[in-house]
Amino acid sequence: QVQLVESGGGLVQAGGSLRLSCAASGSTFSWYRMGWYRQAPGKPRELVANINSDGSINYADSVKGRFTISRDNAKNTVYLQMNSLKPEDTAVYYCNAWRTIWGQPTEYWGQGTQVTVSS
């Protein structure tokens, strides 16, 4: 079992920055692909970025060049640095941990943190 706790959300003006953190419990953090997803009102949840156990990274096209995902396996924490924020980045941001166990996908979600970008 993995528990994920996000922090760092808030209200920021367009063009500003925020840094989200996600602290994970458990001793196998480094085995998980860690990701950030977001969900705006009335829209489906979408991938923002993820980082695999080997350090490879994927970004949604909408955030490339503005957001940076990173992980610190010693601290069991994944980060999302968000720069040049836009009103359309407003959403609840969720941390996700994913891996396969005996070939079966297993994933966990955090409770979410609100990010609001004012114009």
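Is Asp89 buried or exposed? With a relative accessible area of 1%, Asp89 is buried, where buried stands for under 20% relative accessible area, exposed for over 50%, and partly exposed for values in between (1.4 Å probe, protein chains only). The model is a predicted one, in which local features need pLDDT of at least 70 and side-chain atom pairs count only at pLDDT 80 or more, while totals for chains, interfaces and linings use all residues. Residues are numbered from 1 along each chain as its sequence is written, and side-chain values use heavy atoms, with hydrogens and water left out.

Let us begin with the overall fold. The protein chain contains eleven strands and zero helices; both kinds of element are DSSP runs numbered from the N terminus, with helices (H or I) needing at least four residues and strands (E) at least two. Along the sequence, the pattern reads β-β-β-β-β-β-β-β-β-β-β. The radius of gyration of the protein chain is 14 Å, close to the 14 Å that the globule rule gives for 119 residues, so the chain is as compact as a globular protein of that length. Here the radius is taken over C-alpha atoms, and the globule rule is 2.2 Å times the number of residues to the power 0.38. Along the principal axes, the C-alpha atoms fill a box of roughly 45 × 30 × 25 Å. Of the 119 residues, 41% count as buried. Contacts (heavy atoms within 4.5 Å) also tell part of the story: among those between residues at least 6 apart in sequence, 54% join residues at least 24 apart.

Next come the charged side chains. The structure holds four salt bridges, each being a side-chain nitrogen of Lys or Arg within 4 Å of a carboxyl oxygen of Asp or Glu. Arg38 takes part in a salt bridge with Asp89, with the closest N and O atoms 2.9 Å apart. This pair links distant parts of the chain, since Arg38 is in strand E4 (residues 33-39) and Asp89 is in the loop between strand E8 (77-82) and strand E9 (91-101), 51 residues apart. Arg38 also meets Glu46 in a salt bridge (2.7 Å, N to O). Arg38 is buried, at 6% relative accessible area, whereas Glu46 is partly exposed, at 37%. Together with Arg66, the residues Arg38, Glu46 and Asp89 are linked in a network of salt bridges. Another salt bridge joins Lys64 and Asp61, whose closest N and O atoms are 3.1 Å apart. Lys64 is partly exposed, with a relative accessible area of 49%, and Asp61 counts as exposed at 66% relative accessibility.

Finally, a loop glycine is worth a look. Gly15 is located in the loop between strand E2 (10-13) and strand E3 (18-24), and counts as exposed at 53% relative accessibility. Leaving aside residues up to four places away in sequence, Gly15 touches Ser84 and Leu85. Gly15 and Ser118 are 103 residues apart in sequence, yet their C-alpha atoms are 9.4 Å apart in space.
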